[in-house]
Amino acid sequence: MPFLVDCPHCGPREATEFVYGGEVMKRPTGRPPSRRELSSYLYFRENTPGPQREWWFHASGCGRWLIANRDTRKGAVLATEAAGGAEGS
Amino acid sequence: MSGRRLPEGPGELIRRGREIGFTFDGRVRRGLDGDTIGSALAANGPRVLSRSFKYHRPRGLFCCSGQCPNCLVEVNGSPGVRACTEPLREGMRVRHLNAWPSLSFDAMRAVDRVGRPFTPPGFYYKTFMRPRRLWPLYERGLRRAAGLGRLEGEPTERRTRADHRSRHADVLVVGGGRAGLEAAIEEVEQGRDVVLADEGPALGGRMLWEGSHVEAARLAERVAALGVELLSPAAALGWFDGLVPVWQGGLLHRIRPDRLVVATGAIPQPLSFPGNDLPGVMLSDGALRLATLYAVRPGHRAVVYTIDDEGVDAALRLDAAGIEVAAVIDTRPAEETAGSAERLAERGIELIGGSTLRRAHGRAGVTAVTVTSLHSGRVPGPTARRIECDLVAVSGGRAPAASLLMQAGARATYRESTGTFVPTELPAGVRGAGSVMGEEAPGSGPIPAGAEGRDDGRCFVCLCEDVTAKDVGAAVAEGFDSIELAKRYLTATMGPCQGRMCQLPTARSIARETGTDAGEIGTTTARPPIAAVPLGVIAGRQHEPGSRSALDAQHRRLGAEMDWAGIWRRAYEYEGAGAEALHVHREAGLIDVSPLGKFLVQGPDAAGFLDRVYPNRLSTLEPMRIRYGVLVTEAGRIMDDGTVCRLDDETFYVTTTTGGSAAVLQWLRWWLAEWGLEVRITDLTGALGAMNLAGPRSRDALAPLTAMDVGAEAFPYLHARTGRVAGVECLVLRLGFVGELGYEIHTPSVHAGHLWRTILASDETDVRPAGLEAQRILRLEKQHLIPSQDTDSESTPYGAALPWIVKLDKEHDFLGRWSLERAAEANPAEKLVGFTAPRDQAVEEGSAVVVDGAPAGRVTSCRVSDVLEQTVGLAWVPPDLAEEGAQFGISSNGTVLRATVTTSPFYDPEGDRQRA
């Protein structure tokens with residue numbers, strides 16, 4: 001993973017400092033999901049060839065989660081944002 | 001010193017009078033400080049340094065710049081070292097590679113003499129295929145014959161250790177020749193942070209041996225004075241999406257430059273002619289390096305074979321260094337070389353224009369060459385001339401060393417005027433400087449048609465892999481007519497030089513066979529690493545983080561046997577795990593539980609947050625009360641377990657397993673980030689030490705040390721208290737994984753040792769330390785599972801006999817709820833149960849559960865319990881066996897043992913002792 005991730009808290013760092021948390025998914029809320037909705041939430045990913053929103057955890061840094069917009073074809077992170085809540089701010 | 005050392009000359013790198021001793025194949029040799037292994041051997045040693053890969057033909061120094069395979073040797077037990085660039089050091093043990101029994105008599109040379117019909121191109125796909133059953137025999141022979149050296153010692157032994165260093169720079173300049181040094185000066189003068197890496201013996205590149213060493217030194221000094229970080233000698237290994245690793249001895253610099261300047265120059269190219277692999281045939285550049293930098297005579301009488309003025313210049317430099325030049329053979333027509341001929345004539349050197357070197361003669365080294373006119377056809381005719389010589393200096397033009405640029409995304413474009421591929425369409429942030437961009441040298445041009453041929457089989461186009469022009473012809477005839485196919489079939493360009501010396505000759509050779517030009521044939525893909533690098537350098541040091549408990553010094557003082565448990569160094573046992581566990585049941589024991597994950601979860605939303613991450617209810621927990629909790633994934637699978645203690649309305653103290661703490665912290669913070677709640681999590685794992693005081697007499701041990709009322713009524717089970725114990729502030733939790741009365745005492749790490757010693761010194765009771773192994777026995781007696789030992793990625797709380805931990809009647813959503821609802825309806829495919837077996841039946845963890853002779857489950861934990869006088873364990877079994885008293889078999893060492901299911905804890909099943 002030889003690319004940089006611009007941590008909103010620490011600045012640009014090597015991707016090796018981070019743990020990948022997967023695509024940003026919409027968690028089923030409200031009414032109970034159907035079997036299909038649940039299994040697609042648990043086991044299926046978009047795997048977009050191009051920019052996609054992803055979770056990254058700065059394990060060797062601030063220990064916080066961030067959301068990165070990464071181009072999966074180039075392996076380059078285009079933009080990052082702090083994730084919400086007191087922990088993200 | 002030997003007669004092959006030249007008189008002192010300008011720009012030499014050796015320090016005369018400072019001798020260095022080393023051995024080559026066991027014989028003591030001497031070189032000079034500043035020598036490379038190769039130059040020292042060239043001055044004073046055998047001319048043949050190695051045997052070729054396939055035919056075991058003798059090979060001598062060729063490029064003298066670390067590019068070609070000819071001087072690979074073993075140094076101090078490490079194979080694959082390039083002798084021509086490796087600095088000589090005192091006491092080095094140098095050995096040849098690839099010849100048996102000795103370098104001068106190589107039995108495998110028979111492959112070249114008689115075996116050639118059996119080693120056609122792609123022979124490994126053809127010759128050794130039948131009969132199939134003999135393949136193991138063939139393989140053994142082939143492995144012995146091929147390859148480049150063998151490793152000494154155990155394969156697991158690490159011999160190379162390098163540190164990794166990350167470096168961000170405004171500009172990285174790769175190559176320290178004129179163009180690189182000038183680029184570095186230009187960049188640093190703009191106020192940029194510049195790193196320059198160069199792989200040569202000194203900065204200056206070609207200036208060092210082409211008469212400009214004074215200027216090279218001046219430029220190098222200037223670059224250093226301006227504050228450029230110089231890495232020299234150091235090799236850039238490739239382009240990895242903007243990261244350029246640079247290897248410098250025991251250090252790998254992981255450099256990420258904002259901009260990259262590639263000034264890697266151009267690589268002198270060989271020409272193919274019969275006998276072009278004989279020792280004594282060298283690149284003119286290599287011969288000059290040897291003569292100028294190390295003052296070693298590359299030969300006594302030289303013939304220079306060139307396609308351009310560079311060879312003419314080389315002839316004049318060799319002459320100036322005191323080497324007799326018999327003639328210069330120039331492929332250019334006589335009318336183009338008049339000026340050169342004049343310059344050479346002044347030194348009495350004959351230029352033979354419009355000619356080609358038709359053949360180099362000799363067996364263990366070149367002794368003469370035959371020259372023919374390019375117009376007289378392929379066969380040496382009446383115009384053929386024979387010239388005696390022991391050195392053929394070849395100058396076949398230069399090919400841009402553009403691998404790094406290609407990897408970064410540049411295109412290789414064929415330039416007809418020089419017959420080379422030059423980089424074009426460079427990506428943003430990357431620039432090339434100097435001859436890597438294909439600057440045309442005066443008088444340079446492509447190799448004229450007819451100068452190179454096939455002739456017999458001795459025209460080598462790829463020295464590394466012993467591929468001849470004839471082999472290329474055969475491959476093309478078999479249909480492998482594209483360069484990528486021919487490469488894979490012939491293995492040409494796949495050897496140690498990685499195409500530097502053979503990419504163009506191979507392309508030209510294919511072009512001749514297919515009747516096109518090299519531009520049509522194209523190049524193979526440039527892949528990293530560019531330079532040969534030991535895997536140990538890439539691996540770096542093993543960074544295995546080790547954690548020690550706050551009580552580590554106490555364990556060692558007590559003489560505990562220490563053991564690794566995950567990243568933690570734990571006290572395994574003190575005087576015997578069985579006795580320690582028994583003492584806990586009879587009296588009292590003290591167990592270090594500091595490695596547990598310990599987190600403070602605080603904030604107005606803390607209670608709601610915990611309700612959403614745990615399947616049970618925690619918002620209803622009263623302050624200073626404790627509840628057990630299991631974390632599950634969204635798929636409803638058990639992730640970790642631990643306890644939650646509410647300290648006040650908005651503050652919870654959460655513990656996790658030792659191994660799961662990092663993952664749990666990551667998990668909890670993830671959901672906080674997702675939900676954006678007002679909660680903060682503080683990791684106290686290292687800040688607090690913790691110990692479990694357990695046993696029927698633990699209350700008696702604790703009471704005298706504290707003013708707190710620790711009586712059964714004032715401080716009942718699953719309650720918490722804060723206060724001083726032995727004078728230090730503590731959080732005391734009445735819980736435990738042991739079937740006895742117990743207190744888990746948490747205190748700042750600095751006080752942990754004091755508290756531990758004070759409790760063990762109790763006058764009232766005989767408190768003894770109990771180790772990790774005793775802890776494992778004790779928890780098993782209570783049937784407490786350990787997540788990820790007794791569970792796996794398929795285990796739900798329903799299968800693991802923990803259905804009560806899931807509260808599906810919770811009014812709101814929680815992690816894993818949807819999956820758990822479905823799991824609650826389905827029958828689990830297998831269930832976790834306790835089992836007992838006779839005490840003398842040792843059962844290994846991981847053994848198969850056997851029902852009717854077929855495997856039906858597995859044992860995940862098993863120990864002998866002294867207090868129960870039997871073997872106890874946990875196993876996953878089919879649901880119909882998860883009934884009290886059910887029987888199943890366990891496969892163990894070829895026999896089947898009988899085990900009986902027990903669904904409640906083996907010890908203290910009602911929990912009376914624990915709640916006492």
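**A chat about chains A and B**

Trainee: Where is B:Asp852?

Mentor: B:Asp852 is in the loop between strand 44 (848-851) and strand 45 (854-865) of chain B. Helices (H or I, at least four residues) and strands (E, at least two) are DSSP runs, numbered from the N terminus.

Trainee: And how should I read these labels?

Mentor: Residues count from 1 along each chain as its sequence is written, while chains are lettered from A and ligands numbered from 1 in the order written. This is a predicted model, where local features need pLDDT of at least 70 and side-chain atom pairs count only at pLDDT 80 or more, while totals for chains, interfaces and linings use all residues.

Trainee: Back to B:Asp852, then. What's its phi?

Mentor: The phi of B:Asp852 is positive, about 50°, although it is not a glycine.

Trainee: Is B:Asp852 buried or exposed?

Mentor: B:Asp852 is exposed, with 7 other C-beta atoms within 10 Å. A residue is buried if 20 or more other C-beta atoms lie within 10 Å of its own, exposed if 12 or fewer, and partly exposed in between, with C-beta atoms placed from the backbone.

Trainee: What about B:Gln498, buried or exposed?

Mentor: B:Gln498 is buried, with 21 other C-beta atoms within 10 Å. Its phi is positive too, near 50°, and B:Gln498 lies in the loop between helix 12 (483-490) and helix 13 (503-514) of chain B.

Trainee: New topic: which residues does a cis peptide bond join?

Mentor: One joins B:Ser232 and B:Pro233, with omega about -5°. B:Pro233 is in the loop between strand 10 (229-231) and strand 11 (235-236) of chain B. Another joins B:Pro528 and B:Pro529, with omega about -5°, and B:Pro529 lies in the loop between helix 14 (518-521) and helix 15 (535-539) of chain B.

Trainee: How many residues are in contact between the chains?

Mentor: 23 residues of chain B are in contact with 22 residues of chain A. Two residues are in contact if their C-beta atoms, placed from the backbone, lie within 7 Å.

Trainee: Which element of chain B gives the largest share?

Mentor: Helix 19 of chain B does, with 6 residues of the side that touches chain A. By class, that side of chain B has 11 nonpolar, 6 polar and 6 charged residues. Ala, Val, Leu, Ile, Met, Phe, Trp, Tyr, Cys and Pro count as nonpolar, Asp, Glu, Lys and Arg as charged, and the others, Gly among them, as polar.

Trainee: How many residues does helix 19 of chain B have?

Mentor: Helix 19 (residues 661-675) of chain B has 15 residues and reaches 21 Å from first C-alpha to last, close to the 21 Å expected at 1.5 Å a residue. The expected span is 1.5 Å times one less than the number of residues. Among its buried residues are B:Trp667 and B:Trp670. Just after helix 19 of chain B, B:Gly676 has a positive phi of about 65°.

Trainee: And chain A, what pattern does it follow?

Mentor: Along the sequence, chain A runs β-β-β-α-β-β-β-α, which comes to 2 helices and 6 strands. Its C-alpha atoms fill a box of roughly 40 × 35 × 20 Å, taken along the principal axes.

Trainee: How much of chain A is buried?

Mentor: Buried residues make up 21% of the 89 residues in chain A. Among contacts in chain A between residues at least 6 apart in sequence, 47% join residues at least 24 apart.
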